[in-house]
Amino acid sequence: MNRSAALLALSLLIPAYAAEPRLDADGDPLPAGALQRLGRNRWNSGNPVAMIAFLPGGKSLLTVDRSHTAIIWEGASGKTLRRFDVSGSEVRPQRMFGNPVMTDDGKILACPSDDGTIGIWDVSSGKELKRIKCEHGVPKALAISNDAKKLAVTGLRQKCLTMVFDLDK
């Protein structure tokens, strides 16, 4: 076999020994260094996501999309484990102005709505615990205290007034 034929044969064999690319849950190759793909057939709520967070233990994720749907996803596969509506009303609000927030322990979720209310939700059950009416306008920015007892809210009206609510009452 001449030298050029040997090089050609070797060049055809090298790709067969190259590392196989990591695949997503749908079998599509991932970019180098990526562990999962969000926004495909799996991991896709169908609406823009307003919040994403790992739940305690790091094996599942919670997303809340702009249509007020909360979804808990299995981290390894992207499978939907649970889905619940966080609009808190029979007539779904048109949009979510502020971003939802979750307590550090992953138990409580606060979701603002364009009707001037904030729903407080139990993440494990998907049940609404309470609804807070913001007299100062549409909730824009939210923060939950480390002990999950207080909720700070900034509104879009009244010169961005900030109020603090007691979640225990």
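Modeller: A residue is called buried when its relative accessible area is under 20%. The model is a predicted one. By that cut-off T103 counts as buried, because its relative accessible area is 5%. T103 sits in the loop between β5 (101-102) and β6 (108-112). The side chain of T103 makes a polar contact of 2.6 Å with the side chain of D105. Leaving out residues up to four places away in sequence, T103 also touches I108, I144 and A148.

Now to the sheet. Four strands make up an open sheet, in the order β1-β2-β3-β4, with antiparallel pairing. Its edges are β1 (49-54) and β4 (80-85), each of which pairs on one side only. On average, neighbouring strands in this sheet are turned by 15° against each other, direction ignored. Strands β2 (residues 60-65) and β3 (residues 69-74) are antiparallel and are joined by five bridges. V64 has A70, in β3, as its bridge partner. Beyond its neighbours within four places in sequence, A70 is in contact with L62, T63, V64, R82, R83, F84, V86 and L109.

Both V64 and A70 belong to the largest nonpolar core, which has 14 residues; they are listed with M51, L62, V86, M102 and L109 as those touching the most other members. At least two residues of this core come from each of β1, β2, β3 and β6. Another core lies apart from it, with 13 residues, including V101, I118, C134 and L167. In soluble globular proteins, nonpolar side chains tend to be buried together.

Methods: Residues numbered from 1 in each chain as written. Predicted model: local features only at pLDDT ≥ 70, side-chain atom pairs only at ≥ 80, totals over all residues. Heavy atoms only, no water. Pairing = 2+ DSSP bridges. Axes fitted to C-alpha atoms, helices over the stretch in contact; angles between N-to-C directions. Buried < 20%, exposed > 50% of the residue type's maximum accessible area, 1.4 Å probe, protein only. Polar contact = N/O pair within 3.5 Å; in protein donor to acceptor, adjacent residues only side chain to side chain. Contact = heavy atoms within 4.5 Å. Core = buried A, V, L, I, M, F, W, Y, C linked by side-chain atoms within 4.5 Å.
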